[in-house]
Amino acid sequence: MADALERSERYLDTAMTRSVAATLAARSALGGFDEPLEVGGRPAAETVEMLDELGSPGTVISNGPRYFGFVTGGSQPVAAAASLLATAWDQNGALPIMSPTVAAIDAVTVRWILGLLGLPSTATATFCGGASEANLIGMITARDEVLRRAGWDVPADGLIGAPMVTVITSEETHASMKKAVALAGLGRDRMMLVPTDDQGRMVATALPAIEGPAIVVLQAGNVNTGHSDPFREVIAAAHDAGAWVHVDGAFGLWAAAAPERARLVEGMEAADSWATDAHKWLNVPYDNALAIVADGDALGRSMRVDGAYLPSTSERSPMQLGLQMSQRARAIPVWAVLRTLGRQGVSDLIERNCSLASRFAQRLAEGGAEVLHDVCLNQVLVAFGDDETTSAVIDAVQADGTCWAGGTEWNGRRAMRISVSGHETTEADVDRSAAVMLGCWESLPG
Ligand SMILES: Cc1ncc(COP(=O)(O)O)c(C=O)c1O
């Protein structure tokens, strides 16, 4: 354990100064893991040594200040430290009887999160592995509740023969949302897709008439642009028609925690369920997210699990609120970050990343690149001339190793996608990375 701790510290100290992407040599060395599983095993100390010496160089420094890929927050040191202690405890967070400490921390953390995000204090939230899972929990709960209101008991009778449930979302709905709808048995290809504007927001006036059991899925934070759907108008119309509204806010929901950005998600608090990640913008280690439901009884009906050996208790029991029974105590790193940063610290983290995203866009535009949307949150889409050139710049930046950004398509154009989501990124990191991106563009042959 002491050796692993020392190695972890050395990794964190040195990794920030090396290539963000793993070098070719480091990747080639990973073939060393391809060994037969020995009958007698190997010494533990040698195993940890191998993990570090072969594995550490092959990692991507996504925990560092110049990683701008996907939406990947680093890990706050206090969250990593709390996770380490929680790993030593190895508590099962399924039931309060399994760990009084975890139960106490879980309850208070949920209360803090609801307050930070401006959600109803009466809502119920449960930790899970990621926003994909939180979206699935939202879809299952929504499906069961709209069908319950129509006189159909899905947990008891299943979906065969049930009334049709209409799912309405935007053309820009996230891939994980389509998967959640498919997994919930509602049919990915049956979803009604409402058109979006040039920033990726649902056009509220294009919402179709809603009839029968229905779920409307909205988005806080488009994965490309960071823009959010028009919550007020759409939620009011959906509720008038008796529909359930779910908000996928994997990272964008955190705008609510920063007063300067909260207007971007105004009105989302009137929805019925929400999905958000802690492992993205709150910067806690993977895997950590929350599924939040305004009507906790509906969540409980969908997630209920019975067994003669399971204690019946009126206390909050995570295994009665989500997909998992046994589960890591995910509340612990979240609690540690929130307690350490406080409300102001969380707000500062969000606001700082948003300002840095604007600075990035400005620096790149000054260098002649084209910013493809209105930068409002932490996401920046930029093109370096035609599609082929933009792809070549993305490849060159990744190979350079100073920073890392990925690619996407936006409004029919190839774009570099920059997400500023880590607590360590500074103005100097942004300036240095923008200069490298522009330099890679300039150095392209021809
Ligand atoms: C809007 C949105 N929803 C859902 C997800 C899926 O989140 P996770 O990877 O935590 O499952 C993402 C991931 O980027 C996202 O941006």
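This report walks through a predicted model of a protein chain with a ligand, going from the overall fold to a few local spots.

## The whole chain

Let's start with the big picture. The protein chain is built from 13 helices and 11 strands. Its C-alpha atoms fill a box of roughly 65 × 60 × 45 Å along the principal axes. For 446 residues, a compact globule would have a radius of gyration near 22 Å, and the 23 Å found for this chain agrees with that.

Of those 446 residues, 46% count as buried. Now look at contacts between residues with a separation of 6 or more: 74% of them link residues 24 or more positions apart.

## Around the ligand

Which residues are closest to the ligand? They are Gly-130, Ala-131, Ser-132, His-174 and Ala-250, out of 14 residues that surround the ligand. Sorted by class, this shell has seven nonpolar, five polar and two charged residues.

Helix H9 covers residues 231-240, and its buried residues are Phe-231, Val-234, Ile-235 and Ala-238.

What do the buried residues of H9 pack against? Their partners are strand S4 (214-219) and strand S5 (244-248). Just after the helix comes Gly-242, with a positive phi of about 80°.

## Helix H10: one buried face

Helix H10 spans residues 296-303, with Ala-298, Leu-299, Ser-302 and Met-303 buried. Looking down the axis of H10, you'd see its buried residues fall within an arc of 120°, so they line one face of the helix.

Several elements cover those buried residues of H10, including strands S1 (124-128) and S7 (289-293). Helices H6 (131-149) and H7 (154-157) are also part of that cover.

## Ala-294, on the way into H10

The loop between S7 and H10 holds Ala-294. Is Ala-294 buried or partly exposed? It has 19 other C-beta atoms within 10 Å. Being buried takes 20 or more, so Ala-294 counts as partly exposed.

Set aside the neighbours within four places in sequence, and Ala-294 is in contact with Pro-120, Ala-123, Asp-272 and Ser-273. Trp-274 lies 20 residues from Ala-294 along the chain, and the C-alpha atoms of these two are separated by 8.6 Å.

Key: Residues are numbered from 1 along each chain as its sequence is written. This is a predicted model: local features need pLDDT of at least 70, side-chain atom pairs count only at pLDDT 80 or more; totals for chains, interfaces and linings use all residues. A residue is near a molecule or strand if its C-beta atom, placed from the backbone, lies within 6 Å of it. Ala, Val, Leu, Ile, Met, Phe, Trp, Tyr, Cys and Pro count as nonpolar, Asp, Glu, Lys and Arg as charged, and the others, Gly among them, as polar. Helices (H or I, at least four residues) and strands (E, at least two) are DSSP runs, numbered from the N terminus. The radius of gyration is taken over C-alpha atoms; the globule rule is 2.2 Å times the number of residues to the power 0.38. A residue is buried if 20 or more other C-beta atoms lie within 10 Å of its own, exposed if 12 or fewer, and partly exposed in between; C-beta atoms are placed from the backbone. Two residues are in contact if their C-beta atoms, placed from the backbone, lie within 7 Å. The arc is that of the directions from the helix axis to the C-beta atoms.
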